[in-house]
Amino acid sequence: MTSAAAAAGNENSAENPWPVRAVSTRVAKYIDRLGTIWIEGQLTELKLRQSTAWMVLRDPAADMSLSVSCPRALVDDAPVALSEGTQVIMLGKPQFYTRNGSFSLRISQIRAVGIGELLARIDRLRRLLDAEGLFDPRLKRPIPFLPNTIGLITGRASAAEHDVVTVAQSRWPAVHFDIRNTAVQGTNAVPQIVEALRALDAAPHVDVIVIARGGGSVEDLLPFSDETLCREIAACTTPVVSAVGHEPDNPLCDLVADLRAATPTDAAKRVVPDAAAEQALVTDLRRRSAQALRNWVHREERFIGQLRGRPVLAQPLQALDARAEEITRAVAAARRDIRRLIATETDHVGHLSARLATLGPAATLARGYAVVQNLSAAGAVLRSAQDAPAGTRLRIRVADGAVTTVSEGIYDEH
């Protein structure tokens, strides 16, 4: 058979399928070329046999796991006691078992993740989430003043649950709780908390969600710095309160949550108002408002009293009376001046009348003079003897009347 025919015979197709052994062998050879790799994860299962240890290594940030195996002596000689939830770093070689088609890692070294390394990773995640804006105060949702129902995520029968429920009900007896018990440490903590958080966020009757846990070591509180949980808290539409650990503890969920409480007891105090304190506040506000109202009334009464005490309001006609006297005096003076003016003008008119009478024709007639009129000339006053020739009818007016006569001509006195 030529090389071309052999290559054609090795081609994979529907007409020329590979047998299972050929596929398994090829996959095994491909995986074997990967060599040894370092891997980090969290132990979720640990089964010890007489000479072999079988474990499941889980990625805390994703729902993925991987089976690993190693000699039991490697587990017994590990730098820390291995148990479920331990964060470890392993050196292993990927293996594909052709017999049953399973994949596994054969471990040759085990190292525990130190506290310093955990804190450094948490700090790197903190900077990443901060850069994405998950800690922005403007994104914080306000906590309702008086929630009807509080969603509580905590460990079963834990001191944190007891503290939150007891303190909240003592402060406001009418408050209700929707409690979801989950694991609060270990490998199952993050998926259970995330599931409970989604359920409470979707519940329309829940007004605020409290995530509560007591204090613990960095390893115990590690789930509350998990990236998946932090992003889930940021995505909630219901306000979330983080009450994890004690005052010195500061997991990343505290920074993402809408409100951080130092302890579970502090969370209950900050979420639920104190009925006695609110009643005392209402009583004090009522007292202060009543006192303020009384002070306002007294102040207005004093102001009105001051207004009434002013002369313009106490004796409103006083100004008019004073002006009335002035008007009376002014009227009297005006009348006096008018009478004086009239008297003066009357005397002046009298003098003018006397002068006019003295100069008038009546006074002249009274002294013996007469006014002669020519009746033939339409009553023209006779001014010359030449104007009254003989036969001219004349009218002679004297002081007490008038007579008519006929002119006989010019009279010659010589």
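Does S24 count as buried or exposed, and at what relative accessibility? The close-up views below take up this residue and several others in a predicted model, in which local features need pLDDT of at least 70 and side-chain atom pairs count only at pLDDT 80 or more, while totals for chains, interfaces and linings use all residues. Residues are numbered from 1 along each chain as its sequence is written, and side-chain values use heavy atoms, with hydrogens and water left out.

**View 1. S24 in helix α2.** S24 is found in helix α2, which covers residues 20-32; helices here are DSSP runs of H or I with at least four residues, strands are runs of E with at least two, and both are numbered from the N terminus. S24 counts as buried because its relative accessibility is 9%, where buried means under 20% relative accessible area, exposed means over 50% and partly exposed lies in between, with a 1.4 Å probe and protein chains only. Leaving aside neighbours within four places in sequence, S24 is in contact (heavy atoms within 4.5 Å) with F96 and T98.

**View 2. W38 in strand β1.** W38 has its place in strand β1, residues 37-48, and with 45% relative accessibility it counts as partly exposed. When residues up to four places away in sequence are not counted, W38 touches I89, M90, L91, Q109 and R111. W38 and S217 are 179 residues apart in sequence, and their C-alpha atoms are 26 Å apart in space.

**View 3. L66 in strand β3.** Strand β3, residues 64-71, holds L66, which counts as partly exposed at 23% relative accessibility. Apart from neighbours within four places in sequence, L66 is in contact with I39, M55, V56, L57, F103 and L105. For F103, 37 residues from L66 along the chain, the C-alpha to C-alpha separation is 8.3 Å.

**View 4. Helices α6 and α7.** Two packed helices are described by the angle between their axes and the distance between the axes. Helix α6 (residues 189-202) and helix α7 (residues 227-235) pack at an angle of about 10°, with axes 10 Å apart; the axes are lines fitted to C-alpha atoms over the stretch in contact, and angles run from 0 to 180 degrees between N-to-C directions. The two helices, α6 and α7, are therefore roughly parallel to each other, since angles under 35 degrees count as roughly parallel, over 145 as roughly antiparallel, 65 to 115 as roughly perpendicular and the rest as oblique. On the α6 side V190, I193, V194, L197 and R198 meet T228, L229, E232 and I233 of α7.
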